[in-house]
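Q: I would like to learn how to read a protein model feature by feature. Can we take one structure and work through it?

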Amino acid sequence: MIMALAQHGLGEEAIELFEQMLALGIKPDHITYVGVLSACTHGGLMKNAHKIDPTLSHYACMVDLFGRAGLLQEAYKFVENMPMEPDVIAWGSLLSSCKVYKNVDLAKVAAERLLLIEPNNSGAYSALANVYSSCGKWDDAAKIRKLMKARGVKKEQGLSWVQIQNKTHVFGVEDGLHPQKDEIYKMMDKIWKEIKKMGFAPDTESVLHDLGVEVKDQILRYHSEKLAIAFGIISTPENTTLRIMKNLRVCNDCHNAIKFISKLVDREIIVRDATRFHHFKDGSCSCKDYW
């Protein structure tokens with residue numbers, strides 16, 4: 001229950017449940033603390049009060065917490081001082097944070113260490129290229145992508161899917177294969193105009209390529225999760241909850257757009273991405289913009 005509450009962005013409820021557990025005299029184990037750390041508390045209780053030795057999962061959660069708070073140097077020192085060899089998840093968490101805070105130097109270190117463990121990890125190459133792109137270092141980003149190609153490392157394609165009447169409909173970015181593509185694109189264009197009127201501003205920095213603003217706007221408009229939502233809207237009755245699945249982490253632009261869409265169409269939209277569940281309703285998300 002603690003893990004589930006944490007995954008669904010109900011951090012306070014997760015902590016309350018943990019406290020109830022302690023009050024009832026139920027002894028937590030290492031799995032409990034992974035959930036508690038995921039719900040944004042700290043792990044000082046583990047060693048001192050319950051004599052539990054932290055595992056790689058607990059250390060990775062702490063790296064993630066430092067990184068999300070922007071404490072990148074603290075996160076790096078924490079990884080370097082771990083009593084066991086850091087794994088892919090620890091270095092990956094640090095690399096993701098470097099991408100958010102555009103720390104090129106630390107991103108290079110994290111990517112190099114991650115690739116020593118998993119040389120064919122496409123996520124590490126992509127994350128480093130994206131850090132370069134977000135800082136306007138287009139030549140360096142291009143070199144990383146060329147290196148991926150030379151080493152035969154393929155980037156995983158972003159896909160989203162929705163199930164309507166027991167049939168699964170899969171979408172990619174700017175997908176043109178769906179038999180109802182004209183209706184889907186027409187609906188997405190309408191939604192795009194309406195949410196802009198409501199105050200939505202496309203995050204063109206999310207498009208990590210050296211392109212014009214109008215081209216970036218179009219790419220963002222037709223991201224896979226947005227197309228899946230547009231299809232869900234035209235395929236289901238009003239007030240129906242939409243459930244979207246995605247194989248990668250939802251991008252900043254889509255996350256912000258879906259908040260506006262949930263308010264525009266007056267529906268709950270649940271998105272399960274690579275890291276968690278997002279419950280969008282009335283213009284807000286259960287993750288509180290922290291994912």
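Q: Which residues does the UniProt annotation "domain: DYW" cover?
A: This is a predicted model. In the unreviewed UniProt entry, "domain: DYW" covers residues 199-291. That span is 38% helix and 17% strand. Its end C-alpha atoms lie 22 Å apart.

Q: Where does UniProt place the feature "repeat: PPR"?
A: The unreviewed entry places "repeat: PPR" at residues 1-28 and 121-155. Residues 1-28 are 68% helix and 0% strand, with end C-alpha atoms 13 Å apart. Residues 121-155 are 74% helix and 0% strand. The end C-alpha atoms of residues 121-155 are 9 Å apart.

Q: Now the sheet. In what order do the six strands lie?
A: Start with the general idea. Strands of a sheet pair through backbone hydrogen bonds, either parallel or antiparallel. Here the order is β2-β1-β3-β4-β5-β6. The sheet is open and its pairing is mixed.

Q: Which strands are the edge strands?
A: Look for strands that pair on one side only: β2 (167-171) and β6 (284-285).

Q: In what sense do β1 and β3 pair, parallel or antiparallel?
A: β1 and β3 pair in the antiparallel sense, over three bridges. Ser160 stands opposite Lys246 in β3. Then look at what covers the strands. Helix α13 packs on the sheet and touches β1, β2, β3 and β4. The direction of α13 makes about 15° with that of β1.

Q: How many residues does the hairpin from β4 to β5 pass through?
A: Four residues join β4 to β5 in that hairpin. The two strands pair antiparallel over four bridges. Ile269 has Phe280 in β5 as its bridge partner.

Q: What residue stands opposite Phe280 in β6?
A: Cys285 in β6 stands opposite Phe280. β5 and β6 run antiparallel and are joined by two bridges. They form a hairpin with two residues between them. In the turn, Asp282 has a positive phi of about 55°.

Q: Which residues of β5 are on the covered face, and which on the uncovered one?
A: Read the strand face by face. His278 and Phe280 make up the covered face of β5. Phe277, His279 and Lys281 make up the uncovered one.

Q: What does Ile229 touch?
A: Leave out residues up to four places away in sequence. Then Ile229 touches Leu242, Ile244, Ile258, Ile261 and Ile269.

Q: How many salt bridges does the structure hold?
A: Side chains of opposite charge can pair when their charged atoms come close. This structure holds nine salt bridges. One of them joins Arg221 and Asp189, at 3.1 Å from N to O. Arg221 is in helix α12 and Asp189 in helix α11, 32 residues apart.

Q: Why are Asp217 and Arg221 separated by about one helical turn?
A: Because Asp217 and Arg221 are four residues apart in helix α12. They form a salt bridge, with the closest N and O atoms 3.1 Å apart. Asp217 is buried, with a relative accessible area of 11%. Asp189, Lys196, Asp217 and Arg221 are linked in a network of salt bridges.

Q: Which residue forms a salt bridge with Lys246?
A: Glu225 does, with the closest N and O atoms 3.3 Å apart. This pair links distant parts of the chain: Lys246 is in strand β3 and Glu225 in helix α13, 21 residues apart. Lys246 counts as buried at 10% relative accessibility. Glu225 counts as buried at 2%.

Key
Residues are numbered from 1 along each chain as its sequence is written. This is a predicted model: local features need pLDDT of at least 70, side-chain atom pairs count only at pLDDT 80 or more; totals for chains, interfaces and linings use all residues. Side-chain values use heavy atoms; hydrogens and water are left out. Contact means heavy atoms within 4.5 Å. UniProt positions are given in the numbering used here, feature names are shortened, and annotations may be inferred rather than shown by experiment. Two strands pair if DSSP finds at least two bridges between them. Axes are lines fitted to C-alpha atoms, for helices over the stretch in contact, and angles run from 0 to 180 degrees between N-to-C directions. Buried means under 20% relative accessible area, exposed over 50%, partly exposed in between (1.4 Å probe, protein chains only). A salt bridge is a side-chain nitrogen of Lys or Arg within 4 Å of a carboxyl oxygen of Asp or Glu.
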